[in-house]
Amino acid sequence: MKLWKGRFSKAATSSADEFNASIEFDQRLYKEDITGSIAHARMLGKQGIITLEESQLIIKALQEILEDIEAGKIEFTIESEDIHMNIETILTERIGATGKKLHTARSRNDQVAVDIRLYLKKETASIDKLIKELMDALEQLAEKHVDTVMPGYTHLQRAQPVTLAYHLLAYYQMFSRDRERFADCLKRIDRLPLGSGALAGTTYNTDRDFLAEELGFASVLPNGMDAVADRDFAIEFINCCAVTMMHLSRFCEELILWSSVEFSFVEIDDSFSTGSSIMPQKKNPDMAELIRGKTGRVYGDLMSLLTICKGLPLAYNKDLQEDKIPVFDAADTLKASVGIFTEMILTMKVKEDKMEHAAKYGYMNATDAADYLVSKGIPFRDCHEIIGRIVLYCINKGIAIEEMTMEEFKSFSPEFDNDIYEKISIRSCISAKKSNGSTSFESVKAQLEEIKSNK
């Protein structure tokens, strides 16, 4: 039986019922819905809108319904449309007419708004915990590889030597900003819409500050129309998910490359790889590829909700029923991706010798060789040209810069001396970096110490 049947002379068709219902996906909000309803019933009793006895009876029945749902004793129906009406129908079946008083001074519009905000508060906390665990894993790996030398890239071409710890800490900083984004987004999620009614408030003497305190919200939304009509907080949440997925995807792209035979910098553990149905030799980095692929899915969630909201007149519209699917999917996808990624990097094998070999024979000490000539008083642009000619010479001869003889060096500039060999050794190139935040061994250790001190 429809809770709004009084206005209608004809029942909805079964196809309309099915199309209109959201219980298939919003049933996961059952706990948030009951939590909000308990707070609302308590407020109604406190304000004398219903009696304290009625309030207590409703609260007791809602708590029992929650227990029965979690015990798998309740089946929701399409006929009751959504999680709100399903629970209210069950409540009324159990305690009779008193159950019908629960919806006094509220609408499904502010009810669903409080449910989704309660859900996002919980999800934000879960995501923050997972990202922190990932950052701890990156810190742990970085501490192991402060001395592991590898090529640093620009344009996916070998550029300058760095340490693996330095590379890992770059991602640490990205994920640190992701946590900041979620924390900032939470400030806008953590505002109470309940008590706004359908859009214009209510004639009852309600206490929204009491509701905010009961439900743990930091503040009350000041405009009821805005409270029920907007989903910018959900869009912002999915955007935070999308940015974090982008960072994961970039890292996965590198791991996919690094685990190829052509790079052979890492080996992903068998437990996070798959094989081929036809090629027996294959070991595929499928978990990393899936995270990379699922990033596009979360981008789609963001575009979906932006599109849903873009043309809506105030206040609530049924279109907003579709907000939960992209929100749920973005949160679920991100949590699964962060979790599997953390496990994957903690079990992968790093091939330090392959990384260092690639760093040594990639002409990545060319910039340091140019800086050496600058120290001799030659203008940098002239130094750049001299070293460029040296690199071309070495490529044609198939040797590294540091394998040139002194006679060969001097054929390009008389300013070269024997100290050039020490200056352009790969580890010297790394150690020589002096700027704050550089790849030098000392700088990386300082970055790790700062991370520890900020915990």
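These are my notebook entries on a few features I looked up in this structure, which is a predicted model.

**Cysteines**

I started with disulfides, and a search of the whole structure found zero. I then checked C185, which is in no disulfide; the nearest cysteine sulfur belongs to C240 and is 4.5 Å away. A disulfide here needs two cysteine sulfur atoms within 2.5 Å. C185 counts as buried, because its relative accessibility is 0%. Next came C383: its closest cysteine sulfur, in C429, is 15 Å away, so that is too far for a bond. C383 also has 0% relative accessibility, so I noted it as buried.

**Backbone**

Which residues does a cis peptide bond join? I found that they are L314 and A315, with omega about 10°. I placed A315 in the loop between α11 (286-309) and α12 (324-347).

I also looked at positive phi values in residues other than glycine. H155 has one, near 55°, and I found H155 in the loop between β1 (149-154) and β2 (157-163). Is H155 buried or exposed? With 75% relative accessibility, H155 counts as exposed.

Y363 went into my notes too, with a positive phi near 55°. Y363 sits in the loop between α13 (352-360) and α14 (366-375). Its relative accessible area is 21%, so I wrote Y363 down as partly exposed.

**Surface charge**

Last, I turned to the surface, where K376, K410, K423 and K434 gather in a patch of positive charge. I followed one of them, K410, into helix α16 (residues 406-412). K410 has a relative accessible area of 39%, so I noted it as partly exposed.

Key. Residues numbered from 1 in each chain as written. Predicted model: local features only at pLDDT ≥ 70, side-chain atom pairs only at ≥ 80, totals over all residues. Heavy atoms only, no water. Patch = residues over 30% accessible without salt bridge, like charges linked within 9 Å, V, L, I, M, F, W, Y side chains within 5 Å. Areas by Shrake-Rupley, 256 points an atom, 1.4 Å probe, with all protein chains shown as cover. Salt bridge = Lys/Arg side-chain N within 4 Å of Asp/Glu carboxyl O. Lys, Arg positive; Asp, Glu negative; His and termini not counted. Charge placed at Lys NZ, Arg CZ, Asp CG, Glu CD. Helix = DSSP H or I, 4+ residues; strand = E, 2+ residues; numbered from the N terminus. Buried < 20%, exposed > 50% of the residue type's maximum accessible area, 1.4 Å probe, protein only.
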